[in-house]
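Student: Could you walk me through some side-chain contacts in this structure?
Tutor: Happy to, let's look at it together.

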Amino acid sequence: MATRTRTQPPAQQHVADSHDLIRVHGARENNLKDVDIEIPKRRLTVFTGVSGSGKSSLVFDTIAAESQRMINETYSAFLQGFMPNLNRPEVDVLDGLTTAIIVDQERMGSNPRSTVGTATDANAMLRILFSRIAKPHVGPPTAYSFNVPKRTATGSMVADKGAGEKTVVRNAVYHGGMCPKCEGMGSVNDFDLTALYDETKSLNEGALTIPGYSMEGWYGRIFRGSGYFNPDKPIKKYTKKELHDLLYREPTKVKVEGINLTYSGLIPQIQKSFLSKDVDAMQPHIRAFVERAVTFTICPDCNGTRLSQEALSSKIKGKNIADLCTMQISDLAEWIRGLEDRSVAPLLTGLQHLLDSFAEIGLGYLSLDRPAGTLSGGEAQRTKMIRHLGSSLTDVTYVFDEPTIGLHPHDIERMNGLLLQLRDKGNTVLVVEHKPETIAIADHVVDLGPGAGSAGGTVCFEGTVEGLRKSDTITGRHFDDRARLKDSVRTSSGALEVRGATTHNLQGVDVDLPLGVLCVLTGVAGSGKSSLIDGSVAGREGVVVIDQAAIRGSRRSNPATYTGLLDPIRKAFAKANGVKPALFSSNSEGACPTCNGAGVIYTDLGVMATVESTCEECEGRRFQASVLEYTLGGRNIAEVLAMPVTEALEFFGDGEAKTPAAHKILDRLADVGLGYLSLGQPLTTLSGGERQRLKLAAQMGDKGDVYVLDEPTTGLHLADVEQLLGLLDRLVDSGKSAIVIEHHQAVMAHADWIIDLGPGAGHDGGKIVFEGTPAELVAAKSTTTGKHLASYVS
């Protein structure tokens, strides 16, 4: 670890100016091993290391988390009651902290009502603008909001004014712009009833085919006790009234076994539990059900604009608010620039600055009505950055989590400029990053490792970029790695034809995606890569799409539950011991009764941090003592879940514990470089790169001939990218086809065939600008991608 000698400040220096370091001593959060480090303030510091080495644990879970917690403590106990409780990180000393502004890579909220405009306050400003100068005037800003319904109230209002009560009879109108037919969603849905139930069976025989609607749980008790129909009668024999009650009955209070419950028909219940969420954010099995059972069509009343006819009738210069929201933001900025009205001058200035920030950050190709849930991780992170551009704040700490995700090499240069701009204003900029182009601009580099998980958590290097290059760390050795173009490329065995693709910004694209090879789709952010896949390839028979969406899971979820590995393990234990499989689940019958299978007990202390203590009954093993007496191959279930993947691979590979189904899943986990993860490690403790690879391993098991991967290098260290390329080669050599949307030059150079979209983003893109081998792309240098790839391989 590089050491740094600290000289005494000169005599003339004011003592206040000597606080130029953030000091961390004894950091032990997650896998950190008593890390001591000093980070210079008002500099750009980049944290590197393999995925899972402890970068996020140090930067986000220690430094940023403590800054946030200390700011929250400045508020009154009353206000803190409304804020999330933050525990103090596991660290001995944290000194020199400043206010932290966190810009993470979490996808933006996927509520179907959330759009780019609502998430960035651009819509709020447009609504105020229309409420002031649009003609005809239809009401206050809420009259232009698709999230607010129009309400009318009639009756008397009693006001207590001291001298006596006064009753006023009034007709009140609360203006809202929501389309009444689609309730501001822009689409209406229609149900395929055959996908909800099997009419030849009764409810007790399992007629319902909706995920989670079993007769064994609460739903079964409600259906049986509601009295609206006979649960033993086949559904096809129901009367009109019984079928209406089963499908459409509005929420009604019923008493079942002495308990007050609410009964609701299947369709209102599905609309409330499933359709209130964005389809892309659903669990895979629920998403598959929704896509099978529900047909979404554009609302005929508002034509997908989500707004009422009244709101759409109000215009400025011939355009209503929906017209402006569908425009490309760069075009909208030009339109706003042409407005001149002194009465709303400050509003126009603010709106102009906001829209120009989109273009400055490389998102000018978006539109304000784009659903927030459809933004990629990189687009979401840059959208969050917008509010910080042009900010007058100085001496704050900006914390970024891989800001180059989803960026073409051309766009990375622009992002680097923004990071340096924030630093030059006198701010401390901390960046967790893998891309060498961004590491190269750092003033200070901290490399964590040497490995991942339990093999990481220490500082391997601290110093300058030049020092990192000369160091013998994994990052130092791979820093100047440059992929070589392949000597020979595979020949395609066929093609997936796409004709006349017009999804989003695609301009009638005709292309043949080669099969039996590694095909890479590239182009600047917003050029139409994902549009081509989502609109013309996904959904075809035999196509498995592995997208960027983050995997979700509570602290009860772990790699074993997420990948389906726990099912064959439970069955193997049950068979070996002659008992039920449910005993070997910490979320079911085998759970420790004291901690309910969590392994820890949480004590809520109101505004103080929640105390987490290991369960004394099961000593953190999550299972009842009687369950731990059952063994397989000499190990109990808790010991198996504590195994790392590599050890479990050997354990389930042969001998008494041989389980081919488990071995197959473990093999895929080892293939993607997660051999060090323990099977029972909570998903909440995994890094972004580890989650990405876990998802890759889980979905590689889906039966398909064509695998489409959307930026699989997200969160991967330079050394891990080599392993990913090996995995892709094995996949193609086994007879499958791989289509990869990617910006990483190493993946481009390794491809058999490249399709480059562009030339620009938004309406400046949407065309095929190159098709051919990587060598041909480098030789031609005819596109932005070709120029960057040529400089990379040379």
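Tutor: Let's begin with a pair: the side chains of Glu66 and Arg69 meet in a salt bridge, 2.8 Å from N to O. Here a salt bridge is a side-chain nitrogen of Lys or Arg within 4 Å of a carboxyl oxygen of Asp or Glu. This is a predicted model, where local features need pLDDT of at least 70 and side-chain atom pairs pLDDT 80 or more, while totals for chains, interfaces and linings use all residues. Residues are numbered from 1 along each chain as its sequence is written, and side-chain values use heavy atoms, leaving out hydrogens and water.

Student: Are Glu66 and Arg69 buried or exposed?
Tutor: The cut-offs are under 20% relative accessible area for buried, over 50% for exposed and partly exposed in between, with a 1.4 Å probe and protein chains only. By that rule, Glu66 and Arg69 are both buried.

Student: Which residue forms a salt bridge with Arg42?
Tutor: Arg42 is partly exposed, at 28% relative accessible area. The closest N and O atoms are 2.8 Å apart, and the partner is Asp395.

Student: How far apart in sequence are the parts that Arg42 and Asp395 tie together?
Tutor: Arg42 lies in the loop between β2 (35-40) and β3 (44-48), and Asp395 in the loop between α13 (377-385) and β12 (397-401). Strands are DSSP E runs of at least two residues and helices H or I runs of at least four, numbered from the N terminus. The pair therefore ties together parts separated by 353 residues.

Student: How many salt bridges does the structure hold?
Tutor: Some are linked in a network, with Lys486, Arg490, Asp729, Asp733 and Asp752 taking part. For the structure, the count is 32.
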